[in-house]
Number of protein chains: 6
Amino acid sequence: MKIKIINPNTTLAMTAKIDECARAVAGEGTLIETVSPAMGPASIESHYDEALSVPGLLAEIMQGERDGVEGYVVACFGDPGLEAAREVAHGPVIGIAEAAMHMGSFLGRSFSVVTTLERSAGRTWELAEKYGMARFCRGVHPCDVAVLDLDTDPDAHKIITETALRAVEADKSDSVLLGCAGMADLCKDISDEIGLPVIDGVAAATVMVESMIRLGLRKSGRGEFATPIPKVYSGILSEFGG
Amino acid sequence: MKIKIINPNTTLAMTAKIDECARAVAGEGTLIETVSPAMGPASIESHYDEALSVPGLLAEIMQGERDGVEGYVVACFGDPGLEAAREVAHGPVIGIAEAAMHMGSFLGRSFSVVTTLERSAGRTWELAEKYGMARFCRGVHPCDVAVLDLDTDPDAHKIITETALRAVEADKSDSVLLGCAGMADLCKDISDEIGLPVIDGVAAATVMVESMIRLGLRKSGRGEFATPIPKVYSGILSEFGG
Amino acid sequence: MKIKIINPNTTLAMTAKIDECARAVAGEGTLIETVSPAMGPASIESHYDEALSVPGLLAEIMQGERDGVEGYVVACFGDPGLEAAREVAHGPVIGIAEAAMHMGSFLGRSFSVVTTLERSAGRTWELAEKYGMARFCRGVHPCDVAVLDLDTDPDAHKIITETALRAVEADKSDSVLLGCAGMADLCKDISDEIGLPVIDGVAAATVMVESMIRLGLRKSGRGEFATPIPKVYSGILSEFGG
Amino acid sequence: MKIKIINPNTTLAMTAKIDECARAVAGEGTLIETVSPAMGPASIESHYDEALSVPGLLAEIMQGERDGVEGYVVACFGDPGLEAAREVAHGPVIGIAEAAMHMGSFLGRSFSVVTTLERSAGRTWELAEKYGMARFCRGVHPCDVAVLDLDTDPDAHKIITETALRAVEADKSDSVLLGCAGMADLCKDISDEIGLPVIDGVAAATVMVESMIRLGLRKSGRGEFATPIPKVYSGILSEFGG
Amino acid sequence: MKIKIINPNTTLAMTAKIDECARAVAGEGTLIETVSPAMGPASIESHYDEALSVPGLLAEIMQGERDGVEGYVVACFGDPGLEAAREVAHGPVIGIAEAAMHMGSFLGRSFSVVTTLERSAGRTWELAEKYGMARFCRGVHPCDVAVLDLDTDPDAHKIITETALRAVEADKSDSVLLGCAGMADLCKDISDEIGLPVIDGVAAATVMVESMIRLGLRKSGRGEFATPIPKVYSGILSEFGG
Amino acid sequence: MKIKIINPNTTLAMTAKIDECARAVAGEGTLIETVSPAMGPASIESHYDEALSVPGLLAEIMQGERDGVEGYVVACFGDPGLEAAREVAHGPVIGIAEAAMHMGSFLGRSFSVVTTLERSAGRTWELAEKYGMARFCRGVHPCDVAVLDLDTDPDAHKIITETALRAVEADKSDSVLLGCAGMADLCKDISDEIGLPVIDGVAAATVMVESMIRLGLRKSGRGEFATPIPKVYSGILSEFGG
């Protein structure tokens with residue numbers, strides 16, 4: 001079983017961390033390939049960044065299809081380009097916010113999300129609603145550490161843990177979701193520290209995609225998510241045309 | 001990894017079928033134990049049946065806890081007793097309606113459910129709402145085959161297939177969910193016949209529980225789903241007391 | 001007119017209190033019979049307790065049907081087994097949370113609920129949503145007095161009153177609902193103390209059931225709430241079979 | 001106990017019919033007074049008619065307060081002026097759509113409404129949502145008989161019955177609500193003919209108001225529904241000023 | 001292009017202020033006529049006041065139709081009589097709450113409303129829901145200045161500004177809506193002071209109605225908002241009959 | 001006043017048509033500039049197409065900011081990149097689906113959308129929900145004419161008209177929205193033919209943006225829609241970096 005995990009930003013250190021977290025939970029015999037696109041933003045912290053990460057993400061999905069990949073993970077908590085990716089891929093595609101939220105809904109009546117910057121909270125709420133998970137989401141709590149500082153800020157771990165504690169206190173929630181792929185490596189430690197389940201979307205999405213492949217579940221060939229109609233794409237995007 | 005699948009009715013032929021479908025998708029090294037409770041209804045086709053299936057189901061969960069079971073599947077599409085089971089179990093507990101609906105939400109914008117009797121549709125809608133999945137559920141379509149006739153009625157397979165086809169036509173949905181554990185064995189055939197993804201909740205819940213165990217996700221020890229406060233239970237239920 | 005009120009727990013002192021509150025509001029000529037089932041938990045403080053209270057509750061409904069009872073009240077704020085009871089009974093069945101919430105909706109734009117333990121809040125919210133009353137429910141406030149301590153804790157009355165005051169202050173709500181049948185006797189006093197309407201579900205459900213009987217309203221004989229299909233029930237529950 | 005029922009239109013034949021239906025269900029010892037305002041429309045079939053019925057309705061409530069009335073029914077299925085009436089009255093005020101919808105929610109998972117003209121359907125849906133009852137309302141079905149023709153059209157009874165039958169067939173609903181006070185007298189017959197519960201809001205609201213008075217439930221003296229601040233009203237409405 | 005703005009209360013100083021704010025944004029060549037009805041309350045601060053403002057409002061719409069008015073603004077934040085007005089008018093009718101909320105939804109993910117008295121908050125939430133804008137409305141914040149004190153209280157400006165600041169702080173919202181036509185003149189100043197967009201519904205509704213007239217958009221001649229069926233109106237309202 | 005209208009596909013004939021429709025409704029003194037991006041798809045008929053249209057759209061917004069543009073219209077009914085555009089632009093940005101839906105909500109209780117291909121319906125529903133307009137949207141009806149065939153198919157006009165008629169019949173809706181910028185020129189004719197208001201989003205968005213500019217409404221400088229944080233963009237997208 002071959003699963004491709006796409007970190008939609010271009011920061012390779014983060015891609016390596018994501019790869020490690022995915023491999024740690026993947027089943028025996030599952031091949032994990034984790035990549036960053038050749039084009040796109042260094043980190044994703046705005047709608048603008050998200051929008052510009054999608055062409056590179058789609059290029060990786062298209063390459064994956066040529067390579068016989070059976071399922072994909074979109075490893076950014078904004079789940080950029082998920083629907084377009086589902087049109088292009090034949091196997092399942094899961095976003096890490098999507099996976100984390102659904103897992104959270106299995107663990108109790110509610111979860112809290114710890115995100116990076118306050119400006120990302122709106123997108124998280126929007127995804128929660130889209131996935132039907134808003135009823136479980138009690139709060140989105142920024143820790144005010146920028147994505148690329150998660151690795152370099154010596155206080156990042158401590159700040160995230162404290163934000164998680166404040167979040168569950170305020171929200172009376174049953175679990176915490178880590179709202180950025182760059183926090184994936186902290187999952188187990190924070191869970192131990194706060195004594196509550198903490199969910200990393202990278203791990204969650206990896207096992208979800210594996211599960212769907214194991215069940216043989218693939219999208220319908222017709223309707224909204226059918227393969228896009230081939231047409232001309234102009235300019236620097238002409239390579240995307242069919 | 002040890003997973004216990006509980007068919008909350010007492011019909012052992014159905015339990016055997018469920019066991020087979022679960023084993024077919026379980027990972028290597030996963031031990032599947034499928035049981036029916038010693039007490040309860042022969043089939044579940046009403047709120048009354050559901051209510052009376054729960055004490056037996058809970059007894060099986062309590063036995064499972066003593067046996068070191070790590071996760072549970074409730075294998076009836078009404079997901080009876082799911083919340084009580086989550087209080088009693090330390091590991092994850094997933095219902096087959098829950099698993100099927102969430103899987104369905106990953107496969108497109110919408111799904112249709114094929115259920116047995118019309119009187120069960122209300123419960124399906126209620127669960128869809130509770131899980132946040134009502135936005136994906138376009139219709140619940142009874143095939144008017146009673147649960148225990150699924151095995152004996154020679155036309156059952158054909159009727160279910162036809163109901164599924166009418167459902168996706170009417171609902172313009174992206175997948176079909178089989179709304180009864182007794183239909184689990186038909187999943188692949190019906191999918192082939194209608195050319196759309198068909199989801200069996202038994203298989204879906206089995207891989208979901210496996211996934212959660214693999215991630216080490218267990219409910220919080222506090223709050224709504226904490227272990228029930230020990231107290232006296234009277235009458236024939238006195239064995240449930242603490 | 002004969003109404004049966006079922007306290008689904010087995011604590012007879014509470015049953016007696018419920019009986020008194022119901023009789024105080026019942027119309028002249030209405031016969032009130034208040035019972036506890038022979039089996040079940042001493043108090044209901046978890047999904048587990050609720051699930052295990054239902055078989056006893058249903059046995060009482062079945063006995064009521066043989067006794068010519070015309071309507072029923074389920075006197076626990078979790079409204080356990082309400083839908084199963086409606087299948088079995090021919091006359092109306094109302095839960096005390098249901099009655100209190102609807103009454104609350106007639107008194108203004110919003111109500112607050114004072115409940116016993118924090119772990120019960122989730123169930124209250126779930127019922128509010130199911131009844132369409134979530135838009136009126138501004139908050140569920142635990143007073144942290146266990147059900148059976150309501151009678152014995154000398155501070156219970158004071159604590160509940162203070163919780164009610166804090167609730168309406170925080171929620172800016174128009175009334176308070178007492179979230180446990182064991183608080184029924186405090187209704188008038190607390191209302192006087194806080195100067196706002198306080199609703200006891202036992203009284204509310206009693207007059208609601210009387211009203212429905214007076215209008216001759218009985219469930220349809222078909223569809224979701226029709227009498228359950230007779231079948232075999234095994235084990236200690238075999239008496240429930242048809 | 002003194003209850004005032006206000007037919008907000010000025011057609012006295014309809015007022016007499018409403019009076020009869022209310023008296024038929026009122027408890028012994030309850031005084032029913034049914035009136036039409038001195039000003040307003042002959043029937044209510046638009047938002048315009050509704051708006052113009054409200055001053056007369058409020059004048060009747062104000063007179064009722066002077067007369068020691070303990071509770072009120074607004075006997076038009078658009079529930080005109082309900083919130084203003086609640087500000088002016090000290091006792092409970094219930095609209096007939098409100099009462100019918102809540103009663104319907106106690107009888108199953110869903111109801112259908114049979115209304116007069118298609119243009120009234122929007123208001124019914126709006127009220128259903130406002131009361132939290134939209135989840136129970138499966139359809140609003142006009143019979144295309146104008147309000148004042150309900151009494152004179154010899155086919156009215158037959159047309160309403162047929163509309164009710166088509167409604168429950170299409171909606172698979174558990175009961176039917178009569179969407180106009182002018183249909184109140186047909187309730188029992190139509191219920192017998194279609195074999196399903198049929199709810200007349202006049203009767204439902206009468207017993208609901210009685211119930212609330214019996215419980216001593218009166219609005220809070222503060223907040224949104226407190227008595228309006230006295231002020232000057234100009235022109236023909238100057239009598240409404242304080 | 002001829003637009004009529006109706007201040008539904010009878011305080012002419014407020015009408016003059018509204019007129020000024022509307023003219024300041026109206027396009028060249030647009031004729032603005034701002035009026036108060038001859039009958040109605042001096043200010044609108046309750047459901048009662050709202051209800052009693054509607055007949056006068058409708059009389060002004062009817063006069064407007066005779067005068068060739070092409071569109072209308074209802075200049076009270078409770079949007080009284082909007083639906084009745086739409087039945088009577090042939091051109092567009094927009095309420096100032098409606099216009100302000102929609103404009104607010106174009107400016108970000110959320111807005112806060114600063115209203116006059118706490119008792120008005122319920123109506124604002126109700127309108128937000130009716131217009132589909134509840135998802136954008138994060139809070140309704142009373143400043144506790146009565147409508148007619150907005151002009152005379154020397155601290156009014158300061159209090160409103162402070163309430164707006166507290167609102168956006170608490171709600172983390174993207175803009176502020178002024179919840180009373182009597183605040184219209186403060187819009188620009190408060191926006192400058194708090195450094196966030198502030199929306200006055202009078203201005204917003206004026207340009208919205210202009211826009212709709214420019215597009216030639218007029219209601220359908222059939223269905224819910226068709227011209228009301230002519231009928232007899234009695235008493236002091238007899239002039240409204242057709 | 002300078003408004004830029006961006007047709008996010010690269011088909012210049014369609015851009016010309018959009019330009020004409022916008023100019024027809026723009027106020028005197030408003031400069032309209034209508035463009036297609038240099039890169040992107042020839043038409044937008046999938047999530048994939050939408051995603052790939054966004055970088056070009058954003059480049060045009062960035063150029064507009066340098067050119068002193070005061071407001072923008074995104075002229076594709078999927079409203080691609082709207083949120084990213086709002087981060088980049090200082091003045092208002094409105095999508096044509098957004099504008100059409102809001103205008104539709106002012107014209108009655110409901111609208112129907114006529115879209116091109118069935119696979120686009122999901123996106124329309126998603127936008128309706130996001131804008132709070134799902135409560136007004138009764139149906140999305142594909143006419144099965146591809147975007148680029150709208151101009152060349154001689155039957156296109158007739159097919160769209162027939163689809164609109166069927167839509168309002170089925171949905172009992174008050175207006176029709178044209179679900180593609182390529183239908184903008186048909187708006188008046190179809191409205192005349194079906195006798196109901198028909199809304200073209202290009203015209204609607206143009207006057208809405210004008211209105212917002214006239215009111216001086218610009219997004220807040222902080223929060224979710226603040227200017228994106230400058231960072232490195234790699235590959236062919238490096239020109240987007242800051």
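Over all chains, the count comes to 114 salt bridges, a salt bridge being a side-chain nitrogen of Lys or Arg within 4 Å of a carboxyl oxygen of Asp or Glu. This is a predicted model, in which local features need pLDDT of at least 70 and side-chain atom pairs count only at pLDDT 80 or more, while totals for chains, interfaces and linings use all residues. Residues are numbered from 1 along each chain as its sequence is written, chains are lettered from A and ligands numbered from 1 in the order in which they are written, and side-chain values use heavy atoms, with hydrogens and water left out.

**Stop 1: one salt bridge between chains**

Select E45(A) and K231(F), which form a salt bridge with their closest N and O atoms 2.8 Å apart. The pair joins two chains, because E45(A) lies in the loop between β3 (40-41) and α2 (47-66) of chain A, and K231(F) in the loop between α9 (201-215) and β10 of chain F. Helices (H or I, at least four residues) and strands (E, at least two) are DSSP runs, numbered from the N terminus. Side chains of opposite charge can pair when their charged atoms come close.

**Stop 2: chains F and A**

Display chains F and A together. Chain F can be laid on chain A by a turn of 180° and a shift of 0.0 Å along the axis, with an RMSD of 0.0 Å; the superposition is by least squares on the C-alpha atoms of residues with pLDDT of at least 70 in both copies. The copies meet through the same surface, because 100% of the interface residues of chain F are also interface residues in chain A.

Next, select the contact residues: 46 residues from chain F and 46 residues from chain A, where contact means heavy atoms within 4.5 Å. About 3,800 Å² is buried between chain F and chain A, and carbon and sulfur atoms give 59% of that area. Buried area is the accessible area (1.4 Å probe) that two parts lose on being put together, summed over both. In chain F, colour H47(F), Y48(F) and R119(F), which lose the most area to chain A and together make up 20% of what that side buries.

The interface of chain F and chain A holds eight salt bridges by the rule. For a view of such a pair, select E87(F) and R119(A), whose side chains meet in a salt bridge (3.2 Å, N to O). Across the interface of chain F and chain A there are also 30 residue pairs in polar contact (both at pLDDT 80 or more). A polar contact is a pair of N or O atoms within 3.5 Å; within protein, one must be able to donate a hydrogen and the other to accept it, and residues adjacent in sequence count only if both atoms are side-chain atoms.

On the side of chain F that touches chain A, β3 (40-41), α2 (47-66), α3 (82-88), α5 (121-130) and β10 (233-234) of chain F each supply at least two residues. The largest share of that side, nine residues, comes from α2(F).

Now show strand β10 (residues 233-234) of chain A, which two bridges join to β3(F) in an antiparallel arrangement; strands pair if DSSP finds at least two bridges between them. Within β3(F), P41(F) is the bridge partner of Y233(A).

**Stop 3: chains B and A**

The contact takes 44 residues from chain B and 44 residues from chain A. Chain B and chain A bury about 3,600 Å² between them, with 61% of it on carbon and sulfur atoms. In chain B, F106(B), R214(B) and L215(B) lose the most area to chain A, together 19% of what that side buries.

Six salt bridges cross the interface of chain B and chain A by the rule. Select R109(A) and E224(B), whose side chains meet in a salt bridge (2.7 Å, N to O). Between chain B and chain A, 14 residue pairs are in polar contact (both at pLDDT 80 or more).

**Stop 4: chains without contact**

Finally, show chains A and D: no contact joins them, and their closest C-alpha atoms lie 17 Å apart.
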